[in-house]
Every structure is written in C-alpha cells, then in structure tokens.
Amino acid sequence: MQVQPLHPVFVGPLFVGKVSGIDLSKPLTQEQAKQIEAGMDRYGVLVFHDQQITDEQQMTFSRNFGELEVSSQGEMSKPGELRLAIQMADVSNLDERNQLRTRDDAKRLGSLGNRLWHSDASFRAIPARYSLLSARVVPGTGGNTEFADMRAAHDALDAKTQAEIEDLITEHSIAFSRAELGFDAFPPEHQAKLHPVRHRLVTTHPGSGRKVLYLSAHIGTILGWPVPEARAFIRDLMEHATQPRFVYAHQWRVNDLVMWDNRATMHRVRRYADMAEIRDLRRTTTKCEGPTTEQALAAE
Ligand code: OGA
Ligand code: MN
C-alpha cells in the first residue's frame with residue numbers, strides 16, 4: 001500500500017526575477033537597459049535590492065523605458081499641495097507636511113483602492129507600461145505588495161473559456177474601483193477622469209508574444225453584456241487569476257526597487273498600520289506607446 005500526495009508539488013511563481021550587479025543611481029549603458037527590458041519581457045516583475053536613490057535618479061532610470069506618466073495626484077493638485085514632483089506617484093501615507101494622514105483624510109481613503117487587484121492606469125486611454133516602486137521607509141509588519149502573473153492566468157484557463165473571452169471588450173473607470181469600496185468623494189475637477197475607457201479583455205504581450213488576461217479593479221462592465229452578469233464573470237476571472245500559484249508577495253526592505261509590467265501582471269498592497277507607522281514608497285510610471293486598439297476605435 002502507498003499513500004501519496006494527490007496534487008503536484010507547488011514550486012512557486014516563476015514570473016519574478018532578481019537583478020543584481022547594477023547601481024541604479026548611475027546612468028545605464030544601452031546594454032544594461034536592453035538586458036533589463038529583456039528581463040521584463042521574460043519575467044514581468046524584477047526586484048532590485050539595496051538601491052539607495054533620489055527621486056531624480058529614479059526618474060532618470062525610469063526614462064530609459066519610455067515617457068513618464070504624470071501621476072493622478074500631479075494632474076489634479078495645485079502647486080504646493082504635493083510632497084513630490086508631478087511624475088512621482090506618492091504611494092506613502094504622508095501628507096505634504098510629512099505628517100501621517102488621519103483616518104478620514106480623503107487622499108488616504110482614495111488610495112485604499114490600491115488594496116484591490118489592479119493594473120496601473122487601466123482607467124486611462126493610454127495605460128501604464130512599466131511601474132517602478134522604490135521603498136524609502138517601510139513599516140515593521142504588513143504592507144506587502146502582491147503580484148499576479150496574468151500570462152500564466154490566461155494559459156491556465158480552459159480552452160472553451162479562452163475562446164469565449166478572446167474578443168471581449170471591457171470598460172474601465174476609476175469610479176468603478178472606488179465605488180467598490182464605497183468611495184465617491186470625487187471633486188468636480190475629477191469628473192473628466194471618470195469617463196470609462198475601453199480595452200480588450202485578452203491582449204497580446206508585445207515583448208513575449210504571449211496572451212494576457214488584462215484584468216483590473218477598474219473594470220465596470222463588458223460591452224454588450226448585462227452589468228451584473230459582466231461583474232459576476234469578472235469576479236470569477238479575478239478569483240482564477242489570483243490563486244496562490246499565480247501570486248508573488250513582495251516583503252519590502254528599505255531601498256528595494258520593484259519594477260513590473262502592467263501589461264502582464266496585476267498587483268495590490270496589503271493592509272498595514274497606516275495611521276501608526278510610516279510607509280513611504282514612491283512610484284514612477286512609463287506609458288504604453290498609444291491607446292489600446294479598442295480605445296482608439298471607441299474614440300473615433
Ligand atoms: C502602486 C500601487 C502598491 C503599494 O504604486 O501602483 O498600487 O504597495 N502600490 O503601495
Ligand atoms: Mn498600483
């Protein structure tokens with residue numbers, strides 16, 4: 001008689017690479033920039049440890065991979081209201097005077113949307129390509145960032161579902177993800193940003209030629225579907241795509257820089273004691289080359 005494990009052994013996600021032997025505070029050679037792009041195409045997430053960099057150095061490094069996006073805060077704030085340059089997304093729990101944000105602080109509540117699985121800027125006609133997140137201060141516990149491999153998630157769908165979703169078009173708006181948490185305090189100047197944009201549900205990742213399940217908390221519906229049916233289905237797909245076998249949890253160390261491809265992964269931040277402990281992470285983001293096909297058609 002034998003008793004054996006019924007499931008294959010889980011070896012852990014294979015879409016995260018660790019990069020060593022490089023100093024991100026120094027200008028990159030063309031060769032280094034190419035190697036990093038190739039690493040991104042293969043893995044989707046790259047981790048660099050011990051990179052003590054300034055905001056300027058982070059922006060300079062990021063510009064090797066495309067034009068920088070102006071952050072949402074940058075677009076919507078007046079001069080003097082921000083702690084950081086407009087190309088730096090302030091992912092901290094600090095206000096412009098470097099004080100911890102209080103419980104009811106509107107920016108704190110808006111940023112809780114990052115706790116939902118998403119792909120950066122999928123609510124924009126031109127979404128994010130790479131995001132680069134640098135850890136300057138990290139809390140003692142909690143606040144991990146989790147990543148999900150959306151190429152593997154697509155590959156693991158059964159053939160019937162793959163065929164069914166191949167040509168579906170989704171609508172994304174930041175209003176959908178914030179409404180999920182009951183947040184609706186958008187000031188009038190934000191209204192233009194709430195207009196839904198269209199993307200394909202299944203995309204092809206340019207650097208690897210692999211198919212991707214392009215999901216995000218910002219999805220509110222599927223074109224041509226009744227809304228409740230669309231949302232129920234998107235939830236099913238989210239649940240599928242975020243099974244532990246597709247997920248890597250990054251536990252931050254000070255001076256880590258993590259870079260991810262939003263066209264191939266989703267991410268979310270986990271809870272931490274944000275009114276007691278400082279967490280100061282700063283993100284730069286490069287843009288995709290242009291609108292996705294469906295958004296371009298919808299705009300015509
Ligand atoms: C982001 C984000 C997660 C985090 O910067 O895009 O979602 O760990 N942040 O704070
Ligand atoms: Mn994000």
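This is a predicted model: local features need pLDDT of at least 70, side-chain atom pairs count only at pLDDT 80 or more; totals for chains, interfaces and linings use all residues.
**Ground rules.** Residues are numbered from 1 along each chain as its sequence is written, and chains are lettered from A and ligands numbered from 1 in the order in which they are written.

**Entry 1: ligand 1.** I looked up which residues surround ligand 1, and they include Val91, His118, Trp260 and Arg279. Here a residue is near a molecule if one of its heavy atoms lies within 4 Å of it. By class, I found four nonpolar, four polar and three charged residues in this shell. (Ala, Val, Leu, Ile, Met, Phe, Trp, Tyr, Cys and Pro count as nonpolar, Asp, Glu, Lys and Arg as charged, and the others, Gly among them, as polar.)

Next I checked distances to oxygen atoms of ligand 1. An N or O atom in the side chain of Arg283 is 2.6 Å from one. For a polar side-chain atom of His267 I noted 3.1 Å, and for one of Asn114, 3.5 Å. On its own, ligand 1 has 290 Å² of accessible area (Shrake-Rupley method, 1.4 Å probe), and the protein covers 99% of that.

**Entry 2: the second largest pocket.** Which residues lie nearest its centre? I found Glu180, Ala217, Ile234, Arg235 and Met238, among 14 lining residues. By class, that lining has eight nonpolar, three polar and three charged residues.

Key:
Side-chain values use heavy atoms; hydrogens and water are left out. A polar contact is a pair of N or O atoms within 3.5 Å; within protein, one must be able to donate a hydrogen and the other to accept it, and residues adjacent in sequence count only if both atoms are side-chain atoms. On a 1 Å grid over the protein atoms alone, a cavity is a set of points where a 1.4 Å probe fits but cannot get out, and a pocket is an open set with protein on both sides within 12 Å along at least five of seven lines; lining residues have an atom within 4 Å of a point.
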